[in-house]
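Work through the exercises below with the sequence and the 3D view side by side. Try each task before reading its solution.

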Amino acid sequence: MSAPQKKTAGRSLLVTSAAALSSLALTAPVALAAPSPSPSASPSASPSATPPANMSTVGGSRLGQAGTQVNLASGVPVLPKDITARSWIVTDAESGDVLAAHNAHWRLPPASTMKMLFADTVLPKFAKTEKHKVVPTDLAAMGAGSSLVGIKEGETYTVHDLWLGVFLRSGNDAVRVLSAMNQGVAKTVTEMNEHAEELQALDTHVVSPDGYDAPGQVSSAYDLTLFARSGLQKKDFREYCSTVTAKFPGETKKDKKGKTVRKPFEIQNTNRLLSGDYDISQYQGIAGVKNGNTTNAGATFTGVAERNGRVLLVTVMNPSKEGHNEVYKETAKLFDWGFKAAGKVQPVGELVPPKGAAQSSAQPGDAGEAGGSGDSAGPGASAKPVASATADGGSRGMGTAIAITGGLLVLLAGAAFLVNRRWPLPDLVRRRSSRP
């Protein structure tokens with residue numbers, strides 16, 4: 001049962017044209033000094049209050065340095081002074097430029113932002129119409145106090161329902177059911193770790209697929225941004241992470257007349273930059289991605305937003321200020337800075353492409369080379385924007401719109417090309433500026 005869709009309007013902007021892309025240097029990327037941290041260096045579940053002296057240099061040597069990294073110069077706005085997060089990063093989602101960062105490679109507990117990696121790993125495996133009846137073992141060993149969407153044993157859910165539960169309510173119960181469909185938690189964790197390595201997210205070690213606190217489970221602001229960037233290659237990922245409200249199947253019961261009914265209930269996205277709250281407004285141009293909060297991790301968040309044709313990703317981990325919605329407020333301030341600084345500030349590093357994209361050439365029309373999973377259109381596909389789309393059962397609302405371009409943005413007619421440091425987002429969803 002779908003929630004009513006609000007009328008939206010928008011226009012699509014191409015990330016880049018084939019002509020512009022062809023002007024990029026088509027040379028193989030320079031090897032990066034990015035050794036995976038040794039097991040002995042793995043932090044505990046409760047990391048130190050200070051960053052380690054030596055961190056990964058994936059993406060550039062400055063990103064491995066402790067403290068704030070930014071190239072301030074004439075015309076570049078000053079960073080906001082009241083950012084209290086242990087770690088954060090501001091990046092251009094399309095070029096991969098790191099505009100500024102603070103302890104970008106500090107390995108910290110990620111909380112439910114780890115679900116971005118879970119989704120990027122598992123989402124392509126099941127059709128959204130596939131159904132699954134929940135059995136008791138599906139929900140076994142779930143952490144105490146886990147965030148839940150309200151899945152009930154004995155009930156049947158579609159894969160689409162389950163992903164709405166993951167993205168909107170951060171439901172660990174939905175993660176566990178999808179993991180069971182994927183032959184279990186252990187197999188899913190193994191695949192997530194393998195996918196993290198493929199993405200060159202070498203700060204990450206997965207123990208629990210839902211991000212629940214576990215000894216040795218860590219990631220970094222840099223890696224979480226890589227997960228978001230990879231996930232945004234996928235249409236379904238984009239739709240789920242930008243859905244504000246949806247209807248979720250309830251429990252089967254008998255009504256007063258003795259008739260068996262199963263009424264849905266509404267769920268709302270807990271990403272407060274997307275849904276808003278009493279003390280924070282929806283962020284102009286926001287389009288996802290994922291939030292988290294646990295005892296060891298504190299509050300964590302990765303967001304993507306677009307303004308005036310520029311798409312930024314911001315990740316914030318564990319603000320020390322204990323204000324309500326502080327992680328979103330600090331993220332919004334960094335977004336504001338990033339949109340003002342973009343095009344003026346010299347980057348301090350880069351988001352690296354996946355190993356596969358860096359090591360192989362992409363043929364025109366390939367959907368997989370840029371990180372998609374059957375999401376990109378093939379040769380001859382129209383570049384005309386498709387009407388604003390909403391995941392079935394969800395509502396975008398908030399006066400914003402999403403347009404999906406039909407053409408593959410990395411096409412270079414009749415020739416293969418090597419991916420350098422840039423890893424363009426194909427068929428990018430762009431959320432237009434919000435209107436009150």
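**Exercise 1.** Which residues of the largest nonpolar core touch the most other members?

Solution. The model is a predicted one. Start with the core as a whole: it holds 64 residues. Those that touch the most other members are Ile151, Trp163, Phe167, Tyr222 and Phe237. Next, look at where the members come from: helix 3 (residues 159–169) gives the largest share of this core, seven residues. Another core lies apart from it and has 31 residues, including Val244, Ala332, Phe335 and Trp337.

**Exercise 2.** Find what Tyr222 is in contact with, leaving aside neighbours within four places in sequence.

Solution. Search the sequence on both sides of Tyr222. Among its contacts are Val58, Gly59, Leu63, Ile89, Ala104 and His105. Glu350, Leu351 and Val352 are in contact with Tyr222 as well.

**Exercise 3.** Is His102 buried or exposed? Describe its surroundings.

Solution. First locate the residue: His102 is in strand 3 (residues 97–102). Then compare its relative accessibility with the cut-off: buried means under 20%, and His102 has 17%, so it counts as buried. Now list its contacts, not counting residues up to four places away in sequence: Gly67, Thr68, Ala85, Arg86, Ser87 and Trp88. With Thr68, the contact between side chains is polar, at 2.8 Å. Finally, compare sequence with space: Val316 is 214 residues from His102 in sequence, yet their C-alpha atoms are 9.5 Å apart.

**Exercise 4.** What percentage of the protein's residues count as buried?

Solution. The protein has 436 residues, and 57% of them count as buried.

Technical notes
Residues numbered from 1 in each chain as written. Predicted model: local features only at pLDDT ≥ 70, side-chain atom pairs only at ≥ 80, totals over all residues. Heavy atoms only, no water. Core = buried A, V, L, I, M, F, W, Y, C linked by side-chain atoms within 4.5 Å. Buried < 20%, exposed > 50% of the residue type's maximum accessible area, 1.4 Å probe, protein only. Helix = DSSP H or I, 4+ residues; strand = E, 2+ residues; numbered from the N terminus. Contact = heavy atoms within 4.5 Å. Polar contact = N/O pair within 3.5 Å; in protein donor to acceptor, adjacent residues only side chain to side chain.
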